[in-house]
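Subject: Structure for you to look at

Hello,

Here is the structure I said I would pass on. Please open it first, then read the notes below with it beside you.

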Amino acid sequence: MQMPLATEAITPVPIPAPTVASFDMTMHSIDDADSLWVVADKRRRIQPKKYVPSGLRTLDVPHTYEPTLRDDAAKAYLKMFRAAKADGINLVVQSAYRSYSTQVSVYNGWVASLGRKAADLQSARPGYSEHQTGLSVDIASATAGCTIQACFSRTPEGKWLTKNAWRFGWHLRYPNGKTSITGYKFEPWHWRYVGNDLAAELNRTPQITMEEFFGLPAAPDYAR
Ligand SMILES: [Zn+2]
């Protein structure tokens with residue numbers, strides 16, 4: 001038996017990392033429109049098509065269109081709005097809850113100006129919009145411009161949201177480079193309320209989509 005040389009480096013025994021409690025992916029439904037975790041995309045229509053969330057509440061915050069959200073999302077937005085303001089960041093609600101019939105006019109407007117193919121990359125067909133769940137908000141800057149444009153990500157408001165929104169339960173639903181999965185171009189302004197648990201978990205992986213996280217099929221386009 002050979003004795004180790006005195007100079008030989010002794011490999012330290014690694015201290016076992018504490019076991020991270022595995023995240024419970026079944027905590028909430030991803031199918032039920034009332035669920036905080038509902039996944040709506042071009043392959044997953046909201047059920048029923050003309051679903052109206054209960055507990056809608058209109059916030060008293062700067063806005064362009066009526067800042068109405070589901071109660072839990074509304075409270076989380078208010079918290080985030082105040083925290084941003086304390087940091088000198090002025091968030092404006094561009095658009096929040098949109099009913100099925102509102103989405104009919106929004107979508108038809110895009111089709112009229114861009115044609116159906118381009119409109120589908122820009123706006124959801126009625127019954128497929130996350131805004132209909134009352135859990136999504138498009139956020140703009142009070143001063144920096146770039147409203148509903150990719151350059152919003154470079155505004156102070158866009159940067160602040162990228163860094164902090166997850167702490168208030170919000171998730172960047174349409175990240176850069178994920179159009180083949182989400183079916184939408186990069187939308188740095190579109191934030192989806194998923195609650196603190198899921199937002200923190202999603203935030204571990206930059207640019208992750210809900211489809212990837214839950215192992216759902218990609219939804220680049222409508223099935224028909
Ligand atoms: Zn949006």
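Threonine 68 lies in strand β2, which covers residues 68-70. The model is a predicted one. Is threonine 68 buried or exposed? Its relative accessibility is 5%, and the cut-off for buried is under 20%, so threonine 68 counts as buried. Apart from neighbours within four places in sequence, threonine 68 is in contact with Leu56, Arg57, Thr58, Ala96 and Tyr97.

Leaving out neighbours within four places in sequence, alanine 74 is in contact with Arg57, Leu59 and Leu69. Alanine 74 has a relative accessible area of 0%, so it is buried. If you want a distance to check on screen, take alanine 74 and lysine 85: they are 11 residues apart in sequence, and their C-alpha atoms are 16 Å apart in space.

Histidine 131 and histidine 190 are both buried.

The largest pocket holds about 540 Å³ of space. It is lined by 26 residues, and the closest to its centre are Ser95, Arg98, Val106, His131 and Asp138. The elements giving two or more residues to this lining are β3 (91-95) and α2 (100-114). Of the elements, α2 gives the most, with four residues. Sorted by class, the lining of the largest pocket has 11 nonpolar, 10 polar and five charged residues.

The second largest pocket has about 310 Å³ of space. Its lining has 17 residues, and Thr162, Leu172, Trp191, Asn203 and Gln207 are the closest to the centre. Here β5 (170-172) and α6 (196-202) are the elements that give two or more residues, and β5 gives the most, with three. How many charged residues does the lining of the second largest pocket have? It has none: the residues divide into 11 nonpolar and six polar.

Last, some backbone details. The peptide bond from glutamine 47 to proline 48 is cis, with omega near -10 degrees. Proline 48 is in the segment before β1 (56-58). Cysteine 146 is not a glycine, yet it has a positive phi of about 60 degrees. Isoleucine 148 is not a glycine either, and its phi is also positive, at about 55 degrees. You will find cysteine 146 in the loop between β4 and α4 (156-164), and isoleucine 148 is in the loop between β4 and α4 as well. With a relative accessible area of 26%, isoleucine 148 is partly exposed.

Regards

Definitions and conventions
Residues numbered from 1 in each chain as written. Predicted model: local features only at pLDDT ≥ 70, side-chain atom pairs only at ≥ 80, totals over all residues. Heavy atoms only, no water. Buried < 20%, exposed > 50% of the residue type's maximum accessible area, 1.4 Å probe, protein only. Contact = heavy atoms within 4.5 Å. 1 Å grid on protein atoms, 1.4 Å probe; cavity = no way out; pocket = protein on both sides within 12 Å on 5 of 7 lines; lining within 4 Å. Points joined across faces, edges and corners; volume = space filled by probe spheres on them. Nonpolar A, V, L, I, M, F, W, Y, C, P; charged D, E, K, R; others polar.
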